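Here are a few comments to read alongside the model. Keep the structure open as you go through the points.

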Amino acid sequence: MSFLKSSWRPWGRPLAIASATALLIGTVGLSPSAAVANYPDEASEASASVLASTLMKDKLLGAASTTAGLKTSPGPNNDALNVDLAGDQVVQLGDVSIPLNDLIDFGSIGALGSSSEASSATGTRSVSGLVAEGGSVTLSGDDASFGAATINLLSLSDAADVEGLTDLAIDQLELKLGAFGSEVVVEDGKILDPDGVGGPGQYRAAQADLLVRSPLVSDAANGIYGAAGTVDTTVEDLINDKLDVSALTGLLSAVPAIPEPKVTVDSNMQDTLFQRVLNQPLTSHSKLVTIDFSTGELQIHLDQLAGKGGLNAQEPNAELISSDIYPLIAESVHDIMHDATNLIVGAIEDSLDSVTITLQFTDDYGLVGGKLDVSWTFSLADVASGEVGEVVDNSSGLIGGTTGSTLTTTINTLGSTLGTVVSPVYDLIISDAGDHIFELAINDIKFGFTSTIVNMLSPLFDVLNEFVSLQVNHQEIGTCKNSAGEDVTNSLDLSALSLGLARSADGGRVNFGNSSTRFTPEGC
């Protein structure tokens, strides 16, 4: 079975224009929606739930489902989410059955619940959200209190036998949905719109992240480590080329007949520079993508695609996943890799204590005269601070010992004079010109791994766009005919977030943060 051979793609556009292309399921003119068909013979009813499956005849147990009918059970009726009870059930998405525990990790979902009330033929209230003190349910509250649910898209793709996804270099693919809920209030036969955006009712969806873990991201980290090593090589080459050794030994002219020293430059910044990149996850300037090179995880913050007004001001049934958002993601990955380069280059100045220059003075004066063996090591950080570094004298014999002692004393009295000779090299390394040299040195690696990650994400979004639908502000609207023959809204199903298979309009959905109403407007 392949879901990717279908050509049904109603949401191949960015979220920014979703208002013009919203897929309205159960639009004006249809019968009252199924979610509010519990009391069909009563003038009004309401229902709400934290979690619901559109293809299940019976409500999900433990999913904080409540109903209210005007005559039979007007409410308010409250219920709280029971994760243990809900997780043991099987949900249906199209012709795919999957255990809820395999699909959703309720993790830190928090104390969520729902409340339903039918107070009159023209007045109802349904809400899903945070359980407040005393058992009431409210849509408002701290986002952290709502917690988050994690959807395992790899498990879903395996159950659906999706072609293409398992061929990609992806170890983990998850949706993280947090702080979701909704509220529908009817007064005097009208559905209220308290926030003035997104159609009737109101919803809350504070988090919608796509988490991708791939060995390619980890490989990129290895490449960044290699780039840091390239900086070391470049620094060593730069100092060897620019350091005036004759001017340096000229500072020691008070010591007679000292030999030309052997100069060794050693840069060991690689680990320090690499840790600067791994110190914390890097987020693109657009806030759309975060990469944690230490774990190989890439996060795509779908809420950042919402544009003006944010995630909670979208038109009904706005799609969050589309292949058309790929160029924005590719640009964001490029920004992050550019920032990783800047972090490496910017950390060089703070790592100059790992760049050392060693001058080794050696000479052999024969059996009587002995040997000169003086090693002088200083770091570029020493140059900046006016220190002369460390001098080790292993000289021996009459001439060698005397020369070694005099040389050691002279070096230790140089103080900041050392900087006058070495500072041109030091200044070049920390200058804009130096930054440019280092950036050029690691550019090939930066662009290479940018392309690797971007090329991995392109087919991923092609597959996702054909396979899964994630809507925010999912709505189904029903109407009745009034005495004038006009269509008048008399029911609404509202879900903060809705996950479905993208292969067909009736493929079934799992809805999060649900509120529904059916009432009797005047004249119906």
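1. Is Cys480 buried or exposed, going by its relative accessibility? This is a predicted model, so the answer is a computed one. Cys480 has 15% relative accessibility. Buried means under 20%, so Cys480 counts as buried.

2. Now look at the partner of Cys480. A disulfide joins Cys480 to Cys524, with 2.0 Å from S to S. The two ends lie in distant parts of the chain, 44 residues apart. Cys480 sits in strand 22 (residues 468-481). Cys524 sits in the segment after strand 24 (509-518). Cys524 has 36% relative accessibility, so Cys524 counts as partly exposed.

3. How many disulfides does a search of the whole structure find? The search finds 1. The link of Cys480 and Cys524 is right-handed, with 80 degrees about the S-S bond.

4. Turn to helix 12, residues 398-412. Its 15 residues, at 1.5 Å a residue, should span 21 Å.

5. Which residues of helix 12 are buried? They are Gly400, Thr403, Gly404, Leu407, Thr408, Thr410 and Ile411. These residues cover an arc of only 165 degrees around the axis, which means that they lie on the same side of helix 12.

Conventions. Residues numbered from 1 in each chain as written. Predicted model: local features only at pLDDT ≥ 70, side-chain atom pairs only at ≥ 80, totals over all residues. Heavy atoms only, no water. Helix = DSSP H or I, 4+ residues; strand = E, 2+ residues; numbered from the N terminus. Expected span 1.5 Å × (residues − 1). Buried < 20%, exposed > 50% of the residue type's maximum accessible area, 1.4 Å probe, protein only. Arc of directions from axis to C-beta. Disulfide = S-S within 2.5 Å.
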